Amino acid sequence: MSTVRKIRMIGDPVLRKKAKKVAKLTRDHQKLIDDMVVTMHAANGVGLAAPQIGVSERIAVVELELDEKVPGSGQTYVLINPEISQMSPEQDEHAEGCLSIPGWQGEVARPLRVTVKAMDRKGNRIKFEAEGHVARAIQHEIDHLDGVLYVDKLIAPDRIWRIQDNESED
Ligand code: ZN
């Protein structure tokens, strides 16, 4: 049984800690991953990092609703100890939101394409390329694992604005 967990909000110290690497995947991690996926769905998010539910370990989930124009959408990424091993020189400026900063969006510049190395939930090493919105969401989640929030990276201090509650956030 999966449980929707409480999402920690900006100001909570756990969001500013560098999360610990997962040394060995346990049954507790499987439950944690299931809880993260249902929590992300319940909150209408496109990604969630373990620190956002108060667990300072390097685990993130990303899932964008299937859209033919968005490569990598419609797939649930479970990333354990994820790292960006390569990034494109081309950057893209786009609005981001965060489930830990509800009601706001701001513009962040990020590499358009990245190569991601991680472990999947079975403990297999994986490596893949991501681009566009999926690449952005993965980079946003990896930042969470390092205690970084998108508001630290705005392209300009005034490039942040209020939004309606029902827009998607990660
Ligand atoms: Zn976030």
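The buried residues of helix α2 are Val134, Ala135, Arg136, Ala137, Ile138, Gln139, His140, Glu141, Ile142, Asp143, His144 and Leu145. Buried here means under 20% relative accessible area, with exposed over 50% and partly exposed in between, using a 1.4 Å probe and protein chains only. That is twelve of the 14 residues of α2, so the helix is mostly covered.

A word on the source. This is a predicted model, in which local features need pLDDT of at least 70 and side-chain atom pairs count only at pLDDT 80 or more, while totals for chains, interfaces and linings use all residues. Residues are numbered from 1 along each chain as its sequence is written, and side-chain values use heavy atoms, with hydrogens and water left out.

Back to α2. The helix covers residues 132-145 and reaches 20 Å from its first C-alpha to its last, close to the 20 Å expected at 1.5 Å a residue; the expected span is 1.5 Å times one less than the number of residues. After α2 comes Gly147, with a positive phi near 80°.

Now the whole chain. The protein chain has two helices and eight strands, where helices (H or I, at least four residues) and strands (E, at least two) are DSSP runs numbered from the N terminus. Their order along the sequence is α-β-β-β-β-β-β-β-α-β. For 170 residues, a compact globule would have a radius of gyration near 15 Å, and the protein chain agrees, with 15 Å. That radius is taken over C-alpha atoms, and the globule rule is 2.2 Å times the number of residues to the power 0.38. Buried residues make up 48% of the 170. Of the contacts with a separation of 6 or more, 68% are between residues 24 or more positions apart; contact means heavy atoms within 4.5 Å.

Which residues touch the most other members of the largest nonpolar core? They are Leu32, Met36, Leu48, Ile53, Ile59, Val61 and Ile80, out of 18 residues in that core. A nonpolar core is a set of buried Ala, Val, Leu, Ile, Met, Phe, Trp, Tyr and Cys residues joined through side-chain atoms within 4.5 Å. The elements giving two or more residues to this core are α1 (27-42), β2 (59-63) and β3. Helix α1 gives the most, with five residues. Apart from this core lies another, of 16 residues, among them Tyr77, Leu79, Val116 and Phe128.

Leaving aside neighbours within four places in sequence, the contacts of Ile59 include His29, Leu32, Met36, Leu48, Ile80 and, from α2, Leu145.

On aromatics, a search of the whole structure finds one pair. Tyr77 and Phe128 are stacked, at 5.4 Å centre to centre and 25° between the planes. The rule is that rings of Phe, Tyr and Trp (its six-membered ring) pair if their centres lie within 6.5 Å; planes under 30 degrees apart count as stacked, over 60 as edge-to-face and the rest as tilted. The pair links distant parts of the chain, with Tyr77 in β3 (residues 76-87) and Phe128 in β7 (residues 125-131), 51 residues apart. Both are buried.

Strand β7 also holds Ile126, which counts as partly exposed because its relative accessibility is 26%. Beyond four places in sequence, Ile126 touches residues including Val78, Leu79 and Val116.

Past its neighbours within four places, Ser56 is in contact with Val14, Lys17, Lys18, Ala19 and Lys20.
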